[in-house]
Amino acid sequence: MASNDSPTKPSGSAKEQQASVSPVHAIPFVQPPAVDYEERAQRMISRWANERQAKSDRSKARQSEDKVLARSSAQVACTRMEILSGHVVEPKKEVPILDRCDVLVVGAGPSGLSAALGARRAGADVMLLERFSCFGGVISTVGMETMGWYRYEGTSDCEGIGREMERVAERMGGTTKWPYNDSQCLDGEQFKLVADRLVQESGVRPLLHIWVVEVIMDGNTIKGVITESKSGRAAILAGRVIDCTGDADVAHLAGAEFTMVEKSQAMGVTTVFNVAGVNKAEFIDYTQKKPATYLDWSRTWEQETDGKENHLHSPYLDEQFEKAAAAGVIPQTQDVSLGGSWSALSEAGEATNLNLVHQTKVDCTDVRELTQAEIQGRAGTVHALKALRATVPGFQNAKLRNFPMTIGTRDSRKIVAKYSLTGEDVKGQARFDDAIGVFPEFIDGYNILILPTTGRYFQVPLGCLVPKGVENLFVAGRAVAGDRVSHAAMRNMMACTVTGQGAGVAAAVSVREGIPGSQVPIDLVQQALREQGVRLE
C-alpha cells in the first residue's frame, strides 16, 4: 500500500476525473450588491467638512452637481504670450488688487516677524507675506533653533522683539537649554505656534503660501507688489514695503543696487536635520569624556579668532566622520562636507538642529543650483547619519526624524545703502546718530569666529537698511548693506531681529508723519523704539 504522502496513479479518463471531483471546496460566484459610489463619496466629503445630512437630503445631494468653472475667454486671451528666441513676451493685462496696507512686510523669518510686530505696535496697518506654510523663517523651515547661541559669560546683548520671542517660547514650553551656556534652543515646531500667537494677537494681517514676483513702481518710489498664489496673480498696494526675504528679492525687483560675493568665496549652505532614538545619557557622557572646544574648529579649516574663544566648550563633531570614512561606513569622497555642531537633546531621545551637512560654491539665487544642493544635501544626510550610528556612542539606534523644509543659506545679495557697515564698525564698537539697536561683537563667518565674551557691542544704523535709488523701501535681515566681516555678524538671527524691528518702526513712523522713508526723522524713530523696549545704547 502506498504511503499517505506518495503520489498514486489516477484511474479513468480525464473527463471522468473532472466529473468525479468533489464540489465541497468550490466557491460559488455571487453577484455583489450594487454600490452607489457617488453617494459614498458625497458622504465622505460631508464628513470631512464636519457636515451631517438627514437621510431625506441625501437623495438631493446625489442629484446635485458641482459647478463647472473656468477662466473667462478674456482672461485666457490676456495670457497669450509671444515666444521669441530665448524668452517670451507677456502681454499687458489687468491685475486685481488683493489688498492695501500702510506697511507691507515680505518674508516672515526673524527679521520679518520683528518688522511686522514693530510696525504694528507703532500704529501702522501691517500685512505680512510668507511663501511657506508657517512663520519663523530658518527657525521653522530649516531647523536652526538658536537665535543667540553666542551668550557665553560676559556677553552684552541686544533687547527687543527678538529676545521677547525667546521669552514667549520659553513660557509656552518651546525651549531647551543650549549645551554650554545660558542660550536657549527653540523647538522649531513649537515656534510655529509661538509665531502664530504673536502675529494673531498683534493685529498684523498675514498671508501664507504667497510669493512676491514683481514690484509696482511710480518712478523710483515703490507702491506695492505683484503676488502669485493659489488665488492667482494679484497686487497688494502699500505705503511702505520692507524686504525681509533674506536675499533682497524685493529690492532686486525694484532695481536697487546690490553686492554679491563670488560663489567660490561665499559661505556655504547646510542641510540641517533631526533624528530620534538617541540615548541622551550615553551621548552626554561621551561628550564629557571627549569634550570639543572652538580650537577644534580650526582643525579642518583655517579660522581667525582672537584667542579667547579657543578654550570654550563647543558642541562640535568632525573626527567621527573621518573615522567612518576610513572604516568604509561612508564614501571617502562625496559632494558634501560632513562636520559641525549638534544642539538640543530631548528627554525623548531627539537630537535636533544637527548642523553637519554642508556644501560650498552654491549660488543661492540660482534655482538650478538650489535644486541640486537640496538633492545632494539629503543624500549627504544619509551618510552623516550612518557615520553617527557607527562612531558616536548614544547614536547607535538613531533614525532620521525629518529633513528641513528647505536648505539653509547664509550668503547672497546685500544691498547698496545710505551707509555700509564695515568690519571695523563691528570690531570697533561703532556708534551712530541713527542707531536703531545694538548687537554684541559676535562674528561667525568667512572663517572668522569671535565670541562676545568681553562685553563689547556696536550700534546698528538705520542707514544700512535704506537702499539707494528706491524710495519707501526698507531692507532688513542678512541683506543689509555691509562688507564681508560685518555680514558675518549681521546675518545672525538675533541681529536680524534688530534690523527688522528698526525697519518696521521706521516705516510706520514715516507713514504716520507723511514723510518719505529715506527722510524719516530719526529722533521719532528712536523714541518709538525705546517705547517698545529696544536697547539703543
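**Exercise 1.** In which loop is Asn447 found? Work out how accessible Asn447 is, too.

*Solution.* A quick note before we start: this is a predicted model, where local features need pLDDT of at least 70, side-chain atom pairs count only at pLDDT 80 or more, and totals for chains, interfaces and linings use all residues. Residues are numbered from 1 along each chain as its sequence is written, and side-chain values use heavy atoms, with hydrogens and water left out.

Step 1: Asn447 sits in the loop between strand E20 (443-445) and strand E21 (448-450); strands are DSSP runs of E, at least two residues, helices are runs of H or I, at least four, and both are numbered from the N terminus.
Step 2: Asn447 isn't a glycine, yet has a positive phi of about 60 degrees.
Step 3: its relative accessibility is 44%, so Asn447 counts as partly exposed (buried is under 20% relative accessible area, exposed over 50%, partly exposed in between; 1.4 Å probe, protein chains only).

**Exercise 2.** Now place Gln429 and describe its phi.

*Solution.* Step 1: look in the loop between helix H13 (423-427) and strand E19 (435-440).
Step 2: phi of Gln429 is positive, about 55 degrees, although Gln429 is not a glycine.
Step 3: with a relative accessible area of 28%, Gln429 is partly exposed.

**Exercise 3.** Where is Val88, and is Val88 buried or partly exposed?

*Solution.* Step 1: go to strand E2 (residues 87-89), which holds Val88.
Step 2: Val88 has a relative accessible area of 43%, so Val88 is partly exposed.
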